[in-house]
Amino acid sequence: MASLPQTLARLTLGSIMVTAGVLHLTTQRQEFQAQVPEWFPVDEDLTVVGSGVVEIALGAGLVALPKQRRLIGGLLAAFFVAIFPGNIAQYVEGTDAFGLDTDTKRLVRLFFQPLLVLWALFAGGWLRRTDR
């Protein structure tokens, strides 16, 4: 059974992911397009739409399917790892998006990606103590 902190982490992260996914498809679409690295071989709009759909699916699953939280939390952590090269490219290429308009801001953002991975793993029940 999930603890209260784990349940809150799961519901909060799931809700954030659904919101981010919807923003990928609507009002923030151009901002997300600016974050797609130039070297990425898929059209930037298709990349943004695809990642938005994935974010909605994973976020909704995390909220609505608590019995599948381990699977979905693991998939979400893998998703965060998969998109990390794009965040690195935003820093290296000096791309402005979402208020990340200095190298310092873009660099600081890179340190938050591992926290998102840990959050997804915690919400999914991967980071439980086994000595109980």
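Guide: Let us begin with exposure: a residue is buried under 20% relative accessible area, exposed over 50%, and partly exposed in between (1.4 Å probe, protein chains only). K105, for instance, is partly exposed at 39%. This is a predicted model, in which local features need pLDDT of at least 70, side-chain atom pairs count only at pLDDT 80 or more, and totals for chains, interfaces and linings use all residues. Residues are numbered from 1 along each chain as its sequence is written, and side-chain values use heavy atoms, with hydrogens and water left out.

Visitor: With which residue does K105 form a salt bridge?

Guide: Side chains of opposite charge can pair when their charged atoms come close. A salt bridge is a side-chain nitrogen of Lys or Arg within 4 Å of a carboxyl oxygen of Asp or Glu. K105 pairs in this way with D101, at 3.0 Å from N to O. D101 is partly exposed as well, at 42%.

Visitor: How many salt bridges does the structure hold?

Guide: There are four. One of them joins R106 and D96, with the closest N and O atoms 2.7 Å apart. R106 is buried, at 5%, whereas D96 is partly exposed, at 48%. D96, D103 and R106 are linked in a network of salt bridges.

Visitor: Which residue forms a salt bridge with D45?

Guide: The partner of D45 is R29, the closest N and O atoms being 2.7 Å apart. D45 belongs to helix α3 and R29 to helix α2, so the pair ties together parts 16 residues apart in sequence. Helices here are DSSP runs (H or I, at least four residues), numbered from the N terminus.

Note on methods
Helix = DSSP H or I, 4+ residues; strand = E, 2+ residues; numbered from the N terminus.
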